[in-house]
Amino acid sequence: MLDRCDVIVVGAGPAGSTAARYAAEKGLDVLLIDKKKEIGVPVCCGEFNAAPAVLAEALPNAPGIDELFSIDPGLVQRVIRGFVVTSPKGREYEFDLSGYTVNRDAFDRYLADAAVCAGAVLSPDTKFIGREGRRVTTSRGEVDADIVVAADGPLSRVCRSAGMEQSAVLAPAISCRVEGEFGDRARLFFGNRIAPGGYAWVFPKQGCANVGLGVQKAATPVPVLLRAFLAERGLAARDIQAGFVPVSGPIPETVRENVLAVGDAAGHVVASNGGGIATAMICGRIAGLAAAGHLLHGEPLKTYEREWRSALGRELLAAARTKRMADRFLGSDFLLERVMGLLGNHGIRNIIVFGGLRKP
C-alpha cells in the first residue's frame, strides 16, 4: 500500500471508485481503500439503475451521464420497462420508466476495476482509523495525502474527522434475494402495514428479484416487516442485508480543510425515492476532477461544492422537500390513498423521477 499519495479515497462504492477513476485519469497518484475484504460484499441495495435517458431528463444539468453509465452490457441483469405502484388498498398505477438491474457486488467491482485501470491503487480490507490534516491513519499504516475523499457511507468517519455535519435523517432499509421470474416491470408497494413511512419494492433480475423495503421511524423492526411482506406473497428470502439510507438531503458543507464528501457521506441521495447510485457517481466524477483541478492547476477545493450543487443540487433539495411533505401523509393510509388517486399514473411517475420538481 502507498504511504504517500495525492488523493486517498475512503470507500470503494460507486462514489469513491468513480472519484478515484477520474482523479487517476488526470495523472494523480490515487489510493482507494475499503474496509471490506471483497469489494461490493455484502450487498445492501435495491440494485436498480435508471436508464441514461431518464437520468438526463431528471438531472438536466448533470455532466458526463452518457460517459458514466455506458456500462458493460454483461452487468445488466434485467432490462426494466416500467413500474407498477400499488397503493395501501391495492390499487395499481402503471407507467413506463426505462432502466435495468445489476448485481451490485459485480457492479461495484467493475467500477473499482475502472479506477485501477486508470492508475489508482486499490487496497481492500483496509480500515480508516483517523486523520490529522494530511496524515491519514489506516489499519495498514499511515498515509500522507494532499486530499482525502470521504466516500465511506452515511455514518462517515472521515466526515467526522473534518467536523462535517452528517445526514440528519437515516432511514432503515433491508433487502434480500428471492428466486423466481418476475417479468420486466419493477413494483413498489405503499402502506403502513407493509412499510411505515416508506415503501417495499420488487426489482426483477435474471432468475430472481431484489426484494426489500425502507421505512422511517417504524416501531416494528425492518426484518420483521420484510418477513411479513415475503410470507404474504409466498416468497423465501436469501442474502438478507440491512442498512441506512440518508433521506434529509445533502449535508450543509461537503468541503472542509482537505476533505471532500461524496455519495451517501454527503447525503447525495434522492430523498423522495431513496436512490443514490447515479447521484453518487455523478458527484464522484465531479470530486475526482475537482481534486485534479486543485492539485494540478491551483483551483480552490471549494470548486467541488459549487460544481456538484450546480449539477444536481436543485434536484436533491427539491426531493428532500418532497420527502418532508410526504411524511405528513405517509403515516396515514387514508391520506396516502387519496393523494395517490389525485396524482394518478403521470403524477406518481413525476414524483419518482423528478423528486417533486414540476414537469409537463
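Helices (H or I, at least four residues) and strands (E, at least two) are DSSP runs, numbered from the N terminus. The model is predicted, so local features need pLDDT of at least 70 and side-chain atom pairs count only at pLDDT 80 or more, while totals for chains, interfaces and linings use all residues. Residues are numbered from 1 along each chain as its sequence is written, and side-chain values use heavy atoms, with hydrogens and water left out.

The second largest pocket has a volume of about 300 Å³. On a 1 Å grid over the protein atoms alone, a pocket is an open set of points with protein on both sides within 12 Å along at least five of seven lines, a cavity is a set where a 1.4 Å probe fits but cannot get out, and lining residues have an atom within 4 Å of a point. Points are joined across faces, edges and corners, and a volume is the space filled by probe spheres set on them.

In total, 15 residues line the second largest pocket. Those nearest its centre are Val43, Glu47, Arg177, Lys205 and Asp239. At least two lining residues come from each of strand 10 (170-179), strand 13 (208-214) and strand 14 (238-246). By class, the lining of this pocket has five nonpolar, five polar and five charged residues. Here Ala, Val, Leu, Ile, Met, Phe, Trp, Tyr, Cys and Pro count as nonpolar, Asp, Glu, Lys and Arg as charged, and the others, Gly among them, as polar.

Asp239, one of the residues nearest the pocket centre, lies in strand 14. Asp239 is not a glycine, yet its phi is positive, at about 55°. Another backbone detail is found at Pro42: the peptide bond from Val41 to Pro42 is cis, with omega near 0°. Pro42 sits in the loop between strand 2 (30-33) and strand 3 (48-50).

The whole structure has one cavity of 30 Å³ or more. The volume of the largest cavity is about 50 Å³. Its lining consists of Ser17, Thr18, Arg21, Tyr22, Leu68, Leu111, Ala114 and Met281. Helix 1 and helix 4 (104-118) are the elements that give two or more residues to this lining. Helix 1 gives the most, with four residues. Five of the lining residues of the largest cavity are nonpolar, two are polar and one is charged.

Helix 1 (residues 14-25) also packs against helix 7 (residues 277-297), at an angle of about 30° and with the axes 7 Å apart. Helix 1 is therefore roughly parallel to helix 7. Angles under 35 degrees count as roughly parallel, over 145 as roughly antiparallel, 65 to 115 as roughly perpendicular and the rest as oblique. They run from 0 to 180 degrees between N-to-C directions, and axes are lines fitted to C-alpha atoms, for helices over the stretch in contact. Among the residues of helix 1 in this contact (heavy atoms within 4.5 Å) are Thr18 and Tyr22, and those of helix 7 include Met281 and Gly284. The residues of this contact are ten nonpolar, three polar and one charged.

Helix 8 (residues 303-330) and helix 9 (residues 333-354) pack at about 150°, with axes 11 Å apart. These two helices are therefore roughly antiparallel to each other. Thr322, Arg328, Phe329 and Leu330 of helix 8 meet Leu335, Leu336, Val339 and Ile351 of helix 9. Six of the residues in the contact of helix 8 with helix 9 are nonpolar, one is polar and one is charged.
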